[in-house]
Amino acid sequence: MAAEPGPEPGSTSFSSAVNGGKKLEECQTMIQRSLRTPMVKFLLKHLEQSGCGIGGRFIKAINCNRQIAGGYIRGEGILVCSNHMTMQDDVNQVVIHELIHAFDDCRAKNLDWANCAHHACSEIRAAHLSGDCHYKRELLRGFVKIRGHEQDCVRRRVMKSVICNPHCSEAAAKDAMEAVWDICYNDTQPFDRAP
């Protein structure tokens, strides 16, 4: 999702929701729980250190019409699609993924979500660094591959998100992803900083 009307960069692809997901209040409680997890606390600390502290309403539960789990909107924050959440781990993953987008938006003052390469880079980082492509999650999604599953997963999830951006055709999304792959896949900030 993006601040400008139209594009929806930074939106996490729909994951494992069935039977309507959670009510808004339940999801908001789950978001509060996620704020106490080590990874979320780490990302929040680094957002603050980068000059982008967040307020209490930065992460909110909403009902979504599209088949996405959540999204980040510049200037508004993170949205978690309560009707697509089934368990705490779903919420944690969305919050982590979207906080990586928020961190990217904070540190790259010229990030343009309508630019396919910029969008692809943030999606590569979010899919790679958030744990979205952990072997266990891939197994649960029905993707079984012993070697190379993580990069295949990241590529698949990047394409799924970037082609939802109205400024990026499928060919443009693929070209953008390939053009920025090495630099963005190997960019592990803020995780590469010494404590």
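Author: Here's a walk through the cysteines, pair by pair.

Quick housekeeping: this is a predicted model, where local features need pLDDT of at least 70 and side-chain atom pairs count only at pLDDT 80 or more, while totals for chains, interfaces and linings use all residues. Residues are numbered from 1 along each chain as its sequence is written, and side-chain values use heavy atoms, with hydrogens and water left out.

A disulfide here is a pair of cysteine sulfur atoms within 2.5 Å. Searching the whole structure turns up five disulfides. If you number the bonded cysteines of the protein chain in sequence order, the pairing reads 1-4, 2-3, 5-9, 6-10, 7-8. Left out of that scheme is Cys 27, which is in no disulfide; its nearest cysteine sulfur belongs to Cys 81 and is 8.4 Å away. Cys 27 is also buried, at 0% relative accessibility (buried means under 20% relative accessible area, exposed over 50%, partly exposed in between, with a 1.4 Å probe and protein chains only).

Now for the pairs. Cys 52 is bonded to Cys 106, with 2.0 Å between the sulfur atoms. The S-S torsion is 90°, making this link right-handed. Cys 52 is in the loop between α2 (38-49) and β2 (59-62), and Cys 106 is in helix α3 (residues 88-107), so the bond ties together parts 54 residues apart in sequence. (Helices are DSSP runs of H or I with at least four residues, strands are E runs of at least two, and both are numbered from the N terminus.) Cys 106 is buried, with a relative accessible area of 4%.

Next up, Cys 64 is joined to Cys 81, S to S 1.9 Å. This one is left-handed, with -75° about the S-S bond. It links distant parts of the chain, 17 residues apart: Cys 64 is in the loop between β2 and β3 (68-73), and Cys 81 is in strand β4 (residues 77-81). Cys 64 is buried at 10% relative accessibility, and Cys 81 is buried at 0%.

Then there's Cys 133 with Cys 153, a disulfide whose sulfur atoms are 2.1 Å apart. Its torsion is about -75°, so the link is left-handed. The partners are 20 residues apart, with Cys 133 in the loop between α4 (116-130) and α5 (135-140) and Cys 153 in helix α6 (residues 149-162). Cys 133 is buried at 3% relative accessibility, as is Cys 153 at 0%.
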